[in-house]
Structure formats: C-alpha cells, structure tokens
Amino acid sequence: MPRVTEQYIQRRRRQILDAAWRCFAHNGFHATTMDDVIEAAGASPSVVYRWFRGKDELVTAVVLEALDGLLEAERELLRRDPPPTLADAVEFILTSAVAWTTRSGEDLSALAVQTWTEALRSPAVHELVAGQLHQLRDGLAELIRRQQALGAIPAGVDADAAARPVFALFPGFVLQRVLFGPEDPLVYARAASALLLGGAAPSDAPAGAVGSAPPA
C-alpha cells in the first residue's frame, strides 16, 4: 500500500476543521452534529474520528484556532519597535481577523457570535473563551502602556481600565459585520480612536470618511 505522507494527513485534518468552521458558523455549535461535519468534509467517519473523538473535541479545536488568529495578530504587534498607535493596532487586528475568518471566499465571522452563545451554555467553552480573550485584553493594556511611554497617551490613564473599552471594539465590529454587512477596519479603527482618544485619521483617509479629522 502507498505510504500516507504527513502533508496528506495535515491536509485532511485541515479539511475537517474547515468543514467544522462552516457548519458551526451557519448552524451553531449545539445544532451541528458530527454527521454534519463528516458530510461537509466529504470524509469517512473513521477519518474524522481518527482526529476528533467527538464534537466536544472539535468545538475546542475550532474555538482555539479562531481565537489564536486574534492573539497571533496581537503578538506580532507586541514584537514591533516602535510600537504601533492604538488605532493602527485595532485596524491590524481587525484586518487580520477578517482574513482569518474568510475561508474559501466565504465570510465566517458569524462563528464568533456562535462562540459567544456557546460560552453562555457551556462552562467549558466559557472558560476557554474567557481565558483566551483575557490574554487579548492584557495585550491591549500593554500596547497602551507603550504608547504612554512615548507620550502619545496621557500617563494618568489607567491602562488596564482603558483596555476594556478598546477590547469592546472587537465584538462590536464583528456583530455589525454579521448584521449589517462588510465593515472597513481602517475607517472603523480611526473613528474609534478619534472618539476614545481624540486621535485623528491619517492624512490619506478618503474625504468625508467616518473618523477623518474635522475641519479646523
């Protein structure tokens, strides 16, 4: 028999996870069955169960993968020197999230909303999501402290407290994207910066764009 390569194995696992993303985004975690994922993946049950012993393991894998996309974007920002402005950081994370949740040309941002709903139902998912998002919020606080060190944000601002409304920008973006259609991360981030921190939009922002600096 021909030898199965590691590349082939990983490709099959990727197909299963992508199928799970689509099923969970469209139908939610609770309503989706393993049979749904097996059919969407075009795989045999034995192949799927070789990777995931049941739906709980599949849910955990998908949630961790989705959240890690946000955290990796933030980790990249924390490696930058000099640090990005807060508006640039929000824009970068949101742009990365949009790219990460687009699979085969399909926007699966609804997976985030389904994850929040599942976190209300399942203590295990709640613990997982809260733990990961705490890391995201802590990273935002660190970015704020670095901007304070540069004098871009007043030193008297409590960085941990300020990270909370900045963090709230992310679920707000996703919810509006799911309900109302595509949102521009650049315009959204600059408008949020102007409102929260008095920041101005970049000089190349389109005329009349939300978040552009008001006329003098």
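This briefing walks through confidence, helix packing, a salt bridge and some backbone details of the structure above. The model is predicted, so to speak of local features a pLDDT of at least 70 is needed, side-chain atom pairs count only at pLDDT 80 or more, and totals for chains, interfaces and linings use all residues. Residues are numbered from 1 along each chain as its sequence is written, and side-chain values use heavy atoms, with hydrogens and water left out. Helices (H or I, at least four residues) and strands (E, at least two) are DSSP runs, numbered from the N terminus.

**Confidence**
- Mean pLDDT, the predictor's confidence in each residue from 0 to 100, is 87 for the chain, and 89% of the residues reach 70 or more.
- Residues 199–216 have a pLDDT below 50, and beyond near neighbours in sequence this stretch has twelve contacts in the model (contact means heavy atoms within 4.5 Å).

**Helix α1 with helix α6**
- Helix α1 (residues 6–31) and helix α6 (residues 110–121) have axes that come within 8 Å and cross at roughly 35°; axes are lines fitted to C-alpha atoms, for helices over the stretch in contact, and angles run from 0 to 180 degrees between N-to-C directions.
- This crossing of α1 and α6 is left-handed, meaning that the near helix is turned anticlockwise from the far one by less than a right angle, whereas clockwise would be right-handed.
- On the α1 side the contact includes W21, F24 and F29, and on the α6 side it includes L111, Q114 and R121.
- Six nonpolar, six polar and two charged residues make up the contact of α1 with α6; Ala, Val, Leu, Ile, Met, Phe, Trp, Tyr, Cys and Pro count as nonpolar, Asp, Glu, Lys and Arg as charged, and the others, Gly among them, as polar.

**Helix α5 and its partners**
- Helix α5 (residues 86–100) and helix α8 (residues 159–180) have axes that come within 11 Å and cross at roughly 40°.
- That angle makes α5 oblique to α8 (under 35 degrees counts as roughly parallel, over 145 as roughly antiparallel, 65 to 115 as roughly perpendicular and the rest as oblique).
- The crossing of α5 with α8 is right-handed, and L86, V90, I93, L94 and V98 of α5 meet V166, L169, F170, F173 and R177 of α8.
- Nine nonpolar, no polar and one charged residue form that contact of α5 with α8.
- Helix α4 (residues 55–78) packs with α5 at an angle of about 145°, their axes 9 Å apart, in a right-handed crossing.
- Residues of α4 including L70 and L77 meet residues of α5 including F92, I93 and W100.
- By class, the α4 contact with α5 holds nine nonpolar, two polar and three charged residues.

**Salt bridges**
- There are 16 salt bridges in the structure, each a side-chain nitrogen of Lys or Arg within 4 Å of a carboxyl oxygen of Asp or Glu.
- One of them pairs E91 with R190, with the closest N and O atoms 3.5 Å apart.
- E91 in helix α5 and R190 in helix α9 (residues 185–197) are 99 residues apart, linking distant parts of the chain.

**Backbone details**
- D81 and P82 are joined by a cis peptide bond with omega of about 5°, and P82 is found in the loop between α4 and α5.
- S104, a residue other than glycine, has a positive phi near 55° and lies in the loop between β1 (102–103) and β2 (106–107).
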